[in-house]
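Please consult the sequence and the three-dimensional view shown below while reading.

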Amino acid sequence: MLKKLFNSSIGRKIAMALSGIFLIVFLTQHFLINITSVFSESLFNWLSHFMGTNPIVQFVLQPILIAGVLFHFVMGFILDYQNRKARPVNYAVFKGSKNSLLVSRYMILSGTVILSFLALHFYDFWIPEMEYKYIEFKPDDPNRYHHELVEKFQDPIKVGFYCISFIFLALHLVHGLASSTQSLGTSNKYSSLIKKISYSFGIVVPLGFCFIAIYHFLSH
Ligand code: HEM
């Protein structure tokens with residue numbers, strides 16, 4: 001059944017849409033936790049400490065998340081490759097979602113920028129965190145998270161790169177959400193509402209991430 005799903009083009013599109021929606025759920029909680037760093041140092045520290053020490057988050061959800069990111073990334077390249085194979089000559093005129101090759105190229109470009117952002121982001125936060133907890137076994141300090149975060153946003157070049165990546169993230173989300181609702185066939189009386197919510201989410205969340213980065217850069 002699963003093999004049949006992955007062997008069909010629509011099956012792969014559905015898998016792509018579902019993994020994208022899973023990553024959006026992660027992004028929403030990631031945004032909600034990080035925005036607290038702007039208005040409450042103690043709440044941010046408490047939430048980060050909870051997420052960073054809870055065994056279910058650490059040993060169940062985190063590996064699932066990393067697998068989800070890898071799956072979405074690999075599947076995106078496979079879909080793009082197959083679109084190109086199916087239509088080797090580029091379209092002369094851009095016709096929005098009708099030109100699936102151009103749309104998929106566009107998603108690959110924004111996805112690649114997001115992926116390079118993630119490489120820097122892991123280097124900034126995730127790798128030091130893993131070192132701190134699981135390699136150096138440093139003593140637990142529940143108040144360290146906020147100042148560690150603020151320190152990362154003191155370099156204007158890094159803040160600039162983060163913000164440019166968030167603009168690409170907005171493009172990726174707006175396009176991705178629109179095509180995922182198509183792949184999942186949510187074309188009914190709610191589709192215009194779903195479209196509006198998708199567009200707002202795709203713009204508001206990346207702008208919010210930009211705000212967090214610039215806020216910490218300017219306020220210290
Ligand atoms: C200003 C914006 C952002 C801030 C301040 C921020 C902050 C953080 C922090 C502090 C961690 C380490 C969590 C830990 O392991 O203890 C982290 C991890 C991570 N971030 Fe972000 N992040 C931002 C934007 C993003 C965006 C836009 C994405 C995705 C496109 C993202 C994806 C991830 C992933 C996948 C991890 C590793 C998984 C995890 O540990 O939860 N982050 N981020």
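## Histidine 216 in helix α8

Histidine 216 has its place in helix α8. The structure discussed here is a predicted model. With a relative accessible area of 0%, histidine 216 is buried, because a residue counts as buried under 20%.

Leaving out residues up to four places away in sequence, histidine 216 touches Ser37, Val38, His146, Leu149, Val150, Phe153 and Gln154. With one of these, serine 37, the side chain of histidine 216 forms a polar contact of 2.9 Å. Valine 159 is 57 residues from histidine 216 in sequence, and the two C-alpha atoms are 9.5 Å apart in space.

## Overall organisation

The protein has eight helices and zero strands. Along the sequence, the pattern reads α-α-α-α-α-α-α-α.

Of the 220 residues of the protein, 38% count as buried. Among contacts with a separation of 6 or more, 76% are made by residues 24 or more positions apart.

## The surroundings of the ligand

The shell around the ligand holds 18 residues, of which His30, Asn34, Gln62, His121 and Phe209 come nearest. By class, the shell divides into 13 nonpolar residues, four polar residues and one charged residue. The helices that each supply at least two residues to this shell are α2 (9–39), α4 (55–86), α5 (100–135) and α7 (156–183). Helix α5 gives the most, with seven residues.

A polar side-chain atom of histidine 30 lies 2.8 Å from a nitrogen atom of the ligand. For histidine 121, the corresponding distance to a nitrogen atom of the ligand is 2.7 Å. Glutamine 62 places a polar side-chain atom 3.1 Å from an oxygen atom of the ligand.

## The largest nonpolar core

In soluble globular proteins, nonpolar side chains tend to be buried together. The largest nonpolar core of this model comprises 26 residues, among which Phe166, Leu169 and Phe209 touch the most other members. Two or more residues of this core come from each of α2, α3 (41–53), α5, α6, α7 and α8 (191–218). Helix α7 makes the greatest contribution to this core, with seven residues.

Phenylalanine 166 is in contact with Phe117, Pro206, Phe209 and Cys210, when its neighbours within four places in sequence are set aside.

Helix α6 spans residues 145–152, and its buried residues are Tyr145, His146, Leu149 and Val150. These residues lie on the same side of α6, because they cover an arc of only 130 degrees around the axis.

Glutamate 129 is found in helix α5. Is glutamate 129 buried or exposed? Its relative accessible area is 15%, and the limit for burial is under 20%, so glutamate 129 counts as buried. Apart from residues up to four places away in sequence, glutamate 129 touches Arg144, Tyr145 and Glu148. Of these, Tyr145 belongs to the buried residues of helix α6.

## Two further phenylalanines

Phenylalanine 137 is found in the loop between α5 and α6. Its relative accessible area of 63% is over the 50% cut-off, so phenylalanine 137 is exposed. Although phenylalanine 137 is not a glycine, it has a positive phi of about 50 degrees.

Phenylalanine 201 is found in helix α8. At 18% relative accessibility, phenylalanine 201 counts as buried, because the value is under 20%. Not counting residues up to four places away in sequence, phenylalanine 201 touches Ile24, Thr28, Leu173, Leu177 and Pro206. Pro206 is also in contact with phenylalanine 166. The C-alpha atoms of phenylalanine 201 and alanine 170 are separated by 8.7 Å, and the two residues are 31 residues apart along the chain.

Key:
Residues are numbered from 1 along each chain as its sequence is written. This is a predicted model: local features need pLDDT of at least 70, side-chain atom pairs count only at pLDDT 80 or more; totals for chains, interfaces and linings use all residues. Side-chain values use heavy atoms; hydrogens and water are left out. A residue is near a molecule or strand if one of its heavy atoms lies within 4 Å of it. A polar contact is a pair of N or O atoms within 3.5 Å; within protein, one must be able to donate a hydrogen and the other to accept it, and residues adjacent in sequence count only if both atoms are side-chain atoms. Helices (H or I, at least four residues) and strands (E, at least two) are DSSP runs, numbered from the N terminus. Ala, Val, Leu, Ile, Met, Phe, Trp, Tyr, Cys and Pro count as nonpolar, Asp, Glu, Lys and Arg as charged, and the others, Gly among them, as polar. Buried means under 20% relative accessible area, exposed over 50%, partly exposed in between (1.4 Å probe, protein chains only). The arc is that of the directions from the helix axis to the C-beta atoms. A nonpolar core is a set of buried Ala, Val, Leu, Ile, Met, Phe, Trp, Tyr and Cys residues joined through side-chain atoms within 4.5 Å. Contact means heavy atoms within 4.5 Å.
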